[in-house]
Amino acid sequence: EGVNPQEYTLIKQRVLKPELIDASLAGKNLFLVCATLRPETMYGQTNSFVLPEGEYGVFEMKNDEFFVCSERSALNMAYQGLTKEDKKLNKVATVKGTQLIGLEIKAPLTNYEKVYVLPMPGIKMNKATGVVTSVPSDAPDDWATLRDLQKKPDFYHIKPEWADFKPIPIIDVPKYGDLAALTACDQFQIKSLKDKDLLQKAKEEVYKAGFYEGKMIIGKYQGMKVCDAKPLVRKDMIQNGEALPYYE
Ligand code: A2H
């Protein structure tokens, strides 16, 4: 890893029925936490992704809250003052990715009342929390995955209704329109998740175009350039208790 730490935003997504993970978690304030570089895209969240074979834990944080994330990221959080006891980890449960799939979560900013936890084969467990927020309108990886899940729910062992969410137009990008990831996946002729090189190219293009030339078309900062709106949305979410700063 490089010398310059990456500045992420941790998004807190409330697990609506924590008892489904473990009976001991009934009634607890439990959050599935994902790390993103694009907090301003949370208006477009349609689901969250975990790695089915990934190992996650439930960790005790400040203010009687519990986070579901990788142990590696929880340890980083302990050194960033986020855990109940500074520099200490209290792990109350171990959870496999498959146990999280199908859980209902309340994601901040999106118009969807509740969204679901779904599988994503490409998740790296050694990066950030191992949980990825899905914004199919603006992230080609997210769109390619959601589209695969919608096409082949049986193959992925999910109920079709968990993935039955439409991408939400949140950012208008010159030349790409208001569902930039869909346009890019079409232009690069991405057929499935196996088109890794094409997905990488689409991701770079859309990221640059969206972040530097895109305009918000939803929310409090509607009309503002995305690069200007990002720090403002981040600050708001942190102040509202919906997000936390996180570095690695
Ligand atoms: B981004 P970097 Cl809309 N494994 O969030 C794989 N991917 C991960 C991950 C993991 N463990 N943890 C985070 N990520 C994703 C939103 C987004 C993101 C948009 C557009 C681009 C984009 C919605 N998904 O990232 O390798 C997360 O996806 C483009 C790079 O640390 C996170 O931000 O540079 C991003 O990768 C972190 O990437």
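**Contacts, core and ligand shell**

Q: With which residues is Ala181 in contact, leaving aside its neighbours within four places in sequence?
A: In this predicted model, Ala181 is in contact with Pro136, Ser137, Asp138, Ala139, Pro140, Asp142, Trp143 and Val206. These pairs are called contacts because their C-beta atoms, placed from the backbone, lie within 7 Å.

Q: What makes Ala181 a buried residue of helix H4?
A: Ala181 is listed as buried, together with Ala180, Leu182, Ala184 and Cys185 of H4 (residues 180-187). The term therefore says that 20 or more other C-beta atoms lie within 10 Å of its own.

Q: Against which elements do the buried residues of H4 pack?
A: They pack against helix H3 (140-151), strand E10 (171-172) and H5. Just after H4, Gln189 takes a positive phi of about 50°.

Q: Which residues of the largest nonpolar core touch the most other members?
A: Of its 74 residues, these are Leu32, Val33, Phe67, Val68, Ala180 and Ala181. Strand E2 gives the most to this core, with 6 residues.

Q: How many residues surround the ligand, and which are the closest?
A: The ligand is surrounded by 20 residues, and Thr36, Lys127, Ala128, Val135 and Ala139 are the closest. Two or more residues of the shell come from each of strand E2 (29-36), strand E9 (131-134) and helix H5 (196-213). E9 gives the most, with 3 residues.

Q: How does the shell around the ligand divide into nonpolar, polar and charged residues?
A: The shell has 8 nonpolar, 6 polar and 6 charged residues.

Key. Residues are numbered from 1 along each chain as its sequence is written. This is a predicted model: local features need pLDDT of at least 70, side-chain atom pairs count only at pLDDT 80 or more; totals for chains, interfaces and linings use all residues. A residue is near a molecule or strand if its C-beta atom, placed from the backbone, lies within 6 Å of it. Helices (H or I, at least four residues) and strands (E, at least two) are DSSP runs, numbered from the N terminus. Ala, Val, Leu, Ile, Met, Phe, Trp, Tyr, Cys and Pro count as nonpolar, Asp, Glu, Lys and Arg as charged, and the others, Gly among them, as polar. A residue is buried if 20 or more other C-beta atoms lie within 10 Å of its own, exposed if 12 or fewer, and partly exposed in between; C-beta atoms are placed from the backbone. Two residues are in contact if their C-beta atoms, placed from the backbone, lie within 7 Å. A nonpolar core is a set of buried Ala, Val, Leu, Ile, Met, Phe, Trp, Tyr and Cys residues joined through C-beta atoms within 7 Å.
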